[in-house]
Each structure stands twice: as structure tokens, then as C-alpha cells.
Amino acid sequence: MIYSSLALNLDVPLLQAALPLLEAEKVEAIEWSFDTLFKVRDIPPWFVELLREFGQAGRLVGHGVFFSLFSGRWVPEQDHWLKRLREMSAEFQFNHVTEHFGYMTGVNFHQGAPMSVPLTPEIMALGQDRLQRIADAAQCPVGLENLAFANSLDEVRQQGEFLSRLLEPVNGFIILDLHNLWCQLHNFELDFADLIRLYPLDRVREIHISGGSWEDSGARPGKKIRRDTHDHAVPEEVFALLENTLPLVPNLKFVVLEQMGHSLADAAQQEIFRSDFLRMESLVQSSGQKEKAEIPGLFQPPRVSFPEIPLQNENLFLQQRELAHILETSTNLDQALAQLQASALAHSKWKIETWAPEMLETALHIAQKWKDGW
Amino acid sequence: MKLSKSILAALAVGLTLGSATTSCQKMDLKKEFGQHQCTSECGENCPNSEPGPPPPIDNCPACGMG
């Protein structure tokens, strides 16, 4: 069974846009970013009831955004995140729990730009250690979402394999975010068929679709960079990707529409959002895959033991800190390039020599926009 | 999925009253951990024990900043 789902959070415009779909019994499951409300003491009871109702039906999935899987150092915030996940998982019945691939560049936790890390045995071990802790806290299947941002073609082409190996010990799954994939297809001028075959498609249990925005590149005049900002309707191209991907993912269970509430302020935007949902639902229906049976326990994590003290990687931490400083303080692309070439990241596994200048420029924009957090 | 009428009604009322906030509140724990030294006077509101609500903001990049 594939559920046509909405990413629903405690967000007035988003819930206003979704209410007619909920009333019409169109929403088959919901995804909730449980860690966005860790600091809120009193979640309104009606929202708790909504979560419980979907949870009891096995149709609630938890989507974390703040764990920063690959930060070199383990920080108290990650302990707190796991503690709250354990509590939330006990209170609500998540069908599965997910986080994002990569880490945040910020000098402080939860700031900066989302970035990938080099695929090395040490860094793989770090990610696997943390995923096991997430699985232990969640007590349900766990998965990771593919990243939209990439510095180089190598990073783009490697992400599928990276995710596959990372998820193996927890028997985890992938959220294939098709807008993120489209960002990479556009930004690196790739064909869908060439890129999708690099992903372990039998591990895809969830698909995301969303909109985003364009940014003019100064480094490559005439080139537009696609950004995953979730602030517009779903583009035609992403619907086409959904149609092409549905037959390729045999273990798909949730297809989720995401949009941020601030871009749903007026009635016209809310109407387009509902129209996007109904089009997504129609594509799922017409795929012929909707009613197929799920293999029981397919992504159930095995019981694993892990060290009491989380793995850390001090060398990775120092490199991440240096990169964050460069991204947050460089006044232009040339300065950032010069600093990178003089940094510990030069001629290292980070392969900064292969980074596309227009993507480094984009990373500068993102990191400087969000360096003070949000 | 069919939802009970009471949940839908409560949802509609809750939205009318605006008792929701943004989905994109930062888990701003950096201000709480490591910066506050607990004392014997720390109580329920101690930032090291349970975080309080942050001011609502929008345009959270974690929801789609890549």
C-alpha cells in the first residue's frame, strides 16, 4: 500500500491549507517533524489528537531535521535529541523515523549550510554509530533523506552508494526527495536515468516532493542554481520525476508533499497546494503500485549493541570547523577558494579541487544567510 | 484517512484561534546547554532541565535550505 501523505506541522497556514484535504479524507498519512517542537511545552491537544489518530493507524512518520548526523564531535544537543526522540516515540506510534544525510556547517549546532562529507571508512563508521543510536531510541525502522546540495559531481554520484552502506547495519531505508534529486540533475546537468540507477531503489520507502527556488550564479553567468527551499508549488519536472520513479521503487510506502507555511499565506497559494496534493495522489493511483502488499518487517532494525560513548572524529571536526569559518567569513568566491586551498581540506578526502565554483558560491550564500541560526 | 468529527472540529477551532505556531522553530539549545550553571536554586524553569518555548519565527532553513 502506498499512502499519499502530507508533511504536517504545527503551522497555521499549512494546517489551513491542509484542512479541506483532511476533511475530505484524502490525506492517508502524515509526516511530522517532531524535533521542531522539542522546546514547546504545551502542544495544543487537538494537534496531539491528530498525531495520535494517524499514529494508531500506523500512518504517522517522524522526520527529524536537527540531529546533524555527521558532525565530527558529539555534542550535548544530540544526547538531548535522542532522549526526546525516545519520549516522542513512546508517546506517538511512528511507523518510521527519518533524518537527513550530511551535517550542518555551522560553528554552533544547527547553523550554517547542509553539506556532505567524504566517504571514508572512519566517517562511515561515525554515521553508522549514530544511526544505531537513532534506531535504538526510535524502536522502529529508520531512514535517511538524500541531500539537495552538493559541491561536486563526485558527491552527487556517490550519494546513493554512501546512503546504502550507511544504512546497512540498521537495515534502514531511503527517503528519496525528488526535488532534491532534481536540484542535482539541474545543477550538475545530469540525466535522470543516469543518476537514479546509482541509488539502491529497493531501499526507498518514502518519497518527498516539494517546490523550491532559483538563484542566479555569479560564478557562472547565465547559470541558475536550483535551491531546495520548499517555498513554492511543485514544478512540472518534479511531477514527471515522480511518475518515472514510482515503477522503480518496489518497497515504497509513503509519498509526501512538503511545503512551508510561510508560502501558503493566501487562499490562492493554499488552493495550489491542495491541487498539488491531488495531482500527487492521482499519480500514485495511476501507477498501479498503490495496493501492492508490504513485506512485513522489511526495514525492521536488528538488535545491535553499540559503545556507551558515541564515536567522534576530531580530525573531521577540525576540518568542519575550518570549512564553516571559510564559508561564513569569506567576502567573495575568490577569497573562499584561496582560503580553501590554504586549508587542511586541500588535497584531502574532501576533494575541494573538484568543487564546482558556482556550488561553492551557493554554499557561501546559504552559510552566511544562516550563520546566526534561525 | 477518515478522521473523527471531533478532531476535525477541534482542528478548525484551534486554527481559528491561532493556537498553532510555526513548524520551523529552531531547537535553540545552544543557549541552554553549557552556558547555564545549575545552582541549588534551579527549579522547574532551569534551562538545563527542560527547554522553554522559543519565539516563533518563520522561514526555517532546515525545512528546505539546500
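This is a predicted model: local features need pLDDT of at least 70, side-chain atom pairs count only at pLDDT 80 or more; totals for chains, interfaces and linings use all residues.
One aromatic cluster is formed by A:Trp32, A:Phe34, A:Trp46, A:Phe47, A:Phe67, A:Trp74, A:Trp81, A:Phe92 and A:Phe94.

User: How many aromatic pairs are there over all chains?

Analyst: A search of the whole structure gives 15 aromatic pairs.

User: Why is the pair of A:Phe34 and A:Phe94 called tilted?

Analyst: Two values settle that. The ring centres of A:Phe34 and A:Phe94 are 5.7 Å apart, and centres within 6.5 Å make a pair. Their planes meet at 45°, whereas stacked needs under 30 degrees and edge-to-face needs over 60. The pair is therefore tilted.

User: What parts of the chain does this pair link?

Analyst: Distant ones: A:Phe34 is in the loop between β2 (29–32) and α2 (45–56) of chain A, while A:Phe94 is in the loop between α3 (76–91) and β4 (96–100) of chain A. The two residues are 60 residues apart. A:Phe34 and A:Phe94 are buried.

User: What makes A:Phe67 and A:Trp81 a tilted pair?

Analyst: The centres of the A:Phe67 and A:Trp81 rings lie 4.7 Å apart, with the planes at 50°. A:Phe67 sits in the loop between β3 (60–63) and α3 of chain A and A:Trp81 in helix α3 of chain A, so the pair ties together parts 14 residues apart in sequence. A:Phe67 and A:Trp81 are both buried.

User: How do you know that A:Arg84 is buried?

Analyst: Its relative accessible area is 18%, and buried means under 20%. A:Arg84 therefore counts as buried. A:Arg84 belongs to helix α3 of chain A. From C-alpha to C-alpha, A:Arg84 and A:Asp35 are 8.0 Å apart in space, although they are 49 residues apart in sequence.

User: Why is A:Gln139 called exposed?

Analyst: A:Gln139 has 52% relative accessibility, and the cut-off for exposed is over 50%. The value passes that cut-off, so A:Gln139 counts as exposed. A:Gln139 is found in the loop between α4 (121–138) and β7 (142–145) of chain A. Its phi is near 55°, which is positive in a residue other than glycine.

User: And what makes A:Asn171 partly exposed?

Analyst: The relative accessible area of A:Asn171 is 22%. Buried would need under 20% and exposed over 50%, so A:Asn171 is partly exposed. A:Asn171 lies in the loop between α5 (153–167) and β8 (173–177) of chain A. It is not a glycine, yet A:Asn171 has a positive phi of about 55°.

User: What makes A:Arg279 count as lying over the face of A:Phe239?

Analyst: A:Arg279 is 4.3 Å from the ring centre of A:Phe239 and lies over its face. The distance limit is within 6 Å. A:Arg205 likewise lies over the face of A:Phe173, at 5.8 Å from the ring centre.

User: Which residues touch the most other members of the largest nonpolar core?

Analyst: Of its 124 residues, these are A:Trp32, A:Phe47, A:Phe70, A:Ile134, A:Ile207 and A:Ile209. Beyond its neighbours within four places in sequence, A:Phe70 has contacts including A:Phe101, A:Tyr103, A:Ile123, A:Phe162 and A:Leu316. A second, separate core has 6 residues, among them A:Tyr3 and A:Val256.

User: How many helices and strands are in chain B?

Analyst: Chain B has 1 helix and 0 strands. Of its 66 residues, 45% are buried.

Definitions and conventions:
Residues are numbered from 1 along each chain as its sequence is written. Chains are lettered from A and ligands numbered from 1 in the order in which they are written. Side-chain values use heavy atoms; hydrogens and water are left out. Rings of Phe, Tyr and Trp (its six-membered ring) pair if their centres lie within 6.5 Å; planes under 30 degrees apart count as stacked, over 60 as edge-to-face and the rest as tilted. Helices (H or I, at least four residues) and strands (E, at least two) are DSSP runs, numbered from the N terminus. Buried means under 20% relative accessible area, exposed over 50%, partly exposed in between (1.4 Å probe, protein chains only). A charge sits over a ring if NZ of Lys or CZ of Arg is within 6 Å of the ring centre and within 35 degrees of the ring normal. A nonpolar core is a set of buried Ala, Val, Leu, Ile, Met, Phe, Trp, Tyr and Cys residues joined through side-chain atoms within 4.5 Å. Contact means heavy atoms within 4.5 Å.
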